[in-house]
Amino acid sequence: AYARGSREAEPVARMDLRAFLAGIAADRGLPFAAEGDAAVQARPVALARAVGNLLDNALRYGGGARLSLARAGSEAVIAVEDDGPGIPPERLEAVFDP
């Protein structure tokens, strides 16, 4: 829902993405790496839920998780990496199903 931009009652707020992600990683005892700072406009609760779901899945199915933040021009890039086998190619489209 977050990636699709669905409208929620939560208002968009300006936030320090680096500090926000560092807190999410710390809560789960996971490593976090960041290249610079990123101030973004986002819905904090929805973003925490989305990132948390990705991390929880990486922990559950991927044998561990790492969270990072990078900049690509004017965009902030959040990456969740794990050590699992990955998603089989024939199932890739299904990851976007509700």
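**Entry 1: helix α2**

I began with the buried residues of α2, which are Ala 46, Leu 47, Val 51, Gly 52, Leu 55, Ala 58 and Gly 62. I took buried to mean under 20% relative accessible area, exposed over 50%, and partly exposed in between, with a 1.4 Å probe and protein chains only. I noted that this is a predicted model, in which local features need pLDDT of at least 70 and side-chain atom pairs count only at pLDDT 80 or more, while totals for chains, interfaces and linings use all residues. Residues are numbered from 1 along each chain as its sequence is written, and side-chain values use heavy atoms, with hydrogens and water left out.

I then looked up the extent of α2, which covers residues 44-62 and has 19 residues. From its first C-alpha to its last it reaches 25 Å, close to the 27 Å expected at 1.5 Å a residue; the expected span is 1.5 Å times one less than the number of residues. Helices (H or I, at least four residues) and strands (E, at least two) are DSSP runs, numbered from the N terminus.

What covers the buried residues of α2? I found that the cover includes β1 (13-16), α1 (17-28), β3 (39-42), β4 (66-72) and β5 (75-81). Gly 63 follows α2, and its phi is positive, near 75 degrees.

**Entry 2: the whole protein**

I recorded two helices and five strands, in the order β-α-β-β-α-β-β from the N terminus on. The radius of gyration is 14 Å, close to the 13 Å that the globule rule gives for 98 residues, so the protein is as compact as a globular protein of that length. The radius is taken over C-alpha atoms, and the rule is 2.2 Å times the number of residues to the power 0.38. Along its principal axes the C-alpha trace spans about 35 × 30 × 25 Å.

I noted that 24% of the 98 residues count as buried. Of the contacts (heavy atoms within 4.5 Å) with a separation of 6 or more, 64% are between residues 24 or more positions apart.

**Entry 3: Ala 38**

I looked up Ala 38 in the loop between β2 (32-34) and β3. Is Ala 38 buried or exposed? Ala 38 is buried, with a relative accessible area of 2%. Leaving aside residues up to four places away in sequence, I listed what Ala 38 touches: Met 15, Asp 16, Leu 17, Arg 18, Leu 69, Arg 71 and Ala 76. Ser 74 is 36 residues from Ala 38 in sequence, and their C-alpha atoms are 9.3 Å apart in space.

I next turned to Arg 18, which lies in helix α1 and is partly exposed, with a relative accessible area of 33%. With residues up to four places away in sequence not counted, Arg 18 touches Phe 32, Ala 34, Gly 36, Asp 37, Ala 38 and Leu 69. The C-alpha atoms of Arg 18 and Ala 34 are separated by 6.8 Å, though the two are 16 residues apart along the chain.

Ala 19 is also found in helix α1, and I recorded it as partly exposed, with a relative accessible area of 46%. Its C-alpha atom is separated by 10 Å from that of Leu 69, 50 residues apart along the chain.
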